[in-house]
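Take a walk through this protein, one step at a time. Keep the structure in view as you read.

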Amino acid sequence: MSANDYDNSTLAGRCARFGTKCNSLLMKHQDKAFIERMVVEQVELLGGNKELYCWIDSNMMNGVFDPFFIKEHWAIFSWRESFFRKHFPINSWFTVDFETQDEFDQEDDFLWAVPYQITRHFNRVMALASAEVDVELSW
């Protein structure tokens with residue numbers, strides 16, 4: 001969805017519009033070398049097996065879990081959760097409940113928003129974390 005697709009008359013719509021615009025801007029400033037280093041770190045958790053990493057990553061993006069590889073899934077999930085907490089601490093991000101139109105409690109968001117982002121959209125999470133922006137950036 002683009003920023004223009006959200007209803008500007010609701011809190012949820014305004015928050016989503018703001019978040020979409022910010023993310024779009026930050027994605028333009030991503031550091032591809034940083035992202036590659038983060039992928040390498042995850043591959044190393046799996047004994048350097050890039051093929052296994054790609055398979056686990058694909059499973060996570062598609063909501064598939066293979067119990068025969070629980071140890072490997074957990075290693076990647078745990079690393080990603082730590083990565084998220086380090087690069088996006090409490091009060092540096094938000095999410096909106098589109099049903100009630102309320103901003104969620106940050107503590108409760110870790111119960112659902114973070115696992116969703118670090119599995120389904122981790123490429124985007126790494127890109128946003130890597131964004132290099134100038135303090136004097138013009139919005």
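**A walk through the helices**

Phe 34 has its place in helix H2. The model that shows it is predicted. Is Phe 34 buried or exposed? Its relative accessibility is 14%, so Phe 34 counts as buried; the cut-off for buried is under 20%. Its contacts reach well along the chain. Leaving out residues up to four places away in sequence, Phe 34 touches Phe 83, His 87, Met 126, Ala 129 and Ser 130. Take Ala 129 from that list. Phe 34 and Ala 129 are 95 residues apart along the chain, yet 9.1 Å separates their C-alpha atoms.

Now step back to the whole chain. The protein has seven helices and two strands. Read from the N terminus, its elements follow the order α-α-α-α-β-β-α-α-α. The protein has 139 residues, and 37% of them count as buried. Its accessible surface comes to about 8,800 Å². Carbon and sulfur atoms hold 54% of that surface. What about contacts across the sequence? Take the contacts between residues at least 6 apart in sequence: 58% of these join residues at least 24 apart.

Return to H2 for another residue. Glu 41 lies in this helix too. With a relative accessible area of 35%, Glu 41 is partly exposed. Glu 41 and Trp 79 are 38 residues apart in sequence. In space, their C-alpha atoms are 9.1 Å apart.

Which residues does Gln 30 contact, leaving aside its neighbours within four places in sequence? They are Ile 35, Ala 127, Ser 130 and Ala 131. Gln 30 and Leu 128 are 98 residues apart in sequence, but 6.5 Å apart in space, C-alpha to C-alpha.

That brings us to helix H7, which covers residues 122–130. Seven of its nine residues are buried, so H7 is largely enclosed by the rest of the structure. The buried residues are Phe 122, Val 125, Met 126, Ala 127, Leu 128, Ala 129 and Ser 130. Among them are Met 126, Ala 129 and Ser 130, which Phe 34 touches. Ala 127 and Ser 130 are in contact with Gln 30.

H7 also packs against H4. Their axes are 11 Å apart, at an angle of about 35°. The crossing is left-handed. On the H4 side, the contact is made by Trp 79, Arg 80, Phe 83, Phe 84 and His 87. On the H7 side, it is made by Phe 122, Val 125, Met 126 and Ala 129. By class, the residues of this contact are seven nonpolar, one polar and one charged. Phe 83 and His 87 of H4, like Met 126 and Ala 129 of H7, take part in this contact. Phe 34 touches these four residues as well.

H4 (residues 70–87) meets another helix, H6 (residues 113–120). Their axes come within 10 Å and cross at roughly 115°. H4 and H6 are therefore roughly perpendicular to each other. This crossing is right-handed. H4 brings Phe 77, Arg 80, Glu 81 and Phe 84 to the contact. H6 brings Val 114, Pro 115, Gln 117, Ile 118 and Thr 119. The contact of H4 with H6 has five nonpolar, two polar and two charged residues. Arg 80 and Phe 84 take part here, and they also belong to the contact of H4 with H7.

Stay with H4 for His 73, which lies in this helix. At 5% relative accessibility, His 73 counts as buried. Setting aside residues up to four places away in sequence, His 73 touches Ile 56, Asn 59, Met 60, Val 64, Phe 65 and Asp 66.

One last stop is the loop between helix H3 (50–61) and H4, where Phe 69 is found. Phe 69 has 29% relative accessibility, so it counts as partly exposed. Beyond its neighbours within four places in sequence, Phe 69 is in contact with Leu 52, Trp 55 and Ile 56. Phe 69 and Ile 56 are 13 residues apart along the chain, with 8.5 Å between their C-alpha atoms. Ile 56 is also one of the residues that His 73 touches.

Conventions. Residues are numbered from 1 along each chain as its sequence is written. This is a predicted model: local features need pLDDT of at least 70, side-chain atom pairs count only at pLDDT 80 or more; totals for chains, interfaces and linings use all residues. Side-chain values use heavy atoms; hydrogens and water are left out. Axes are lines fitted to C-alpha atoms, for helices over the stretch in contact, and angles run from 0 to 180 degrees between N-to-C directions. Helices (H or I, at least four residues) and strands (E, at least two) are DSSP runs, numbered from the N terminus. Angles under 35 degrees count as roughly parallel, over 145 as roughly antiparallel, 65 to 115 as roughly perpendicular and the rest as oblique. A crossing is left-handed if the near helix is turned anticlockwise from the far one by less than a right angle, and right-handed if clockwise. Contact means heavy atoms within 4.5 Å. Ala, Val, Leu, Ile, Met, Phe, Trp, Tyr, Cys and Pro count as nonpolar, Asp, Glu, Lys and Arg as charged, and the others, Gly among them, as polar. Buried means under 20% relative accessible area, exposed over 50%, partly exposed in between (1.4 Å probe, protein chains only). Accessible areas come from the Shrake-Rupley method with a 1.4 Å probe; for residues, only the protein chains shown count as cover.
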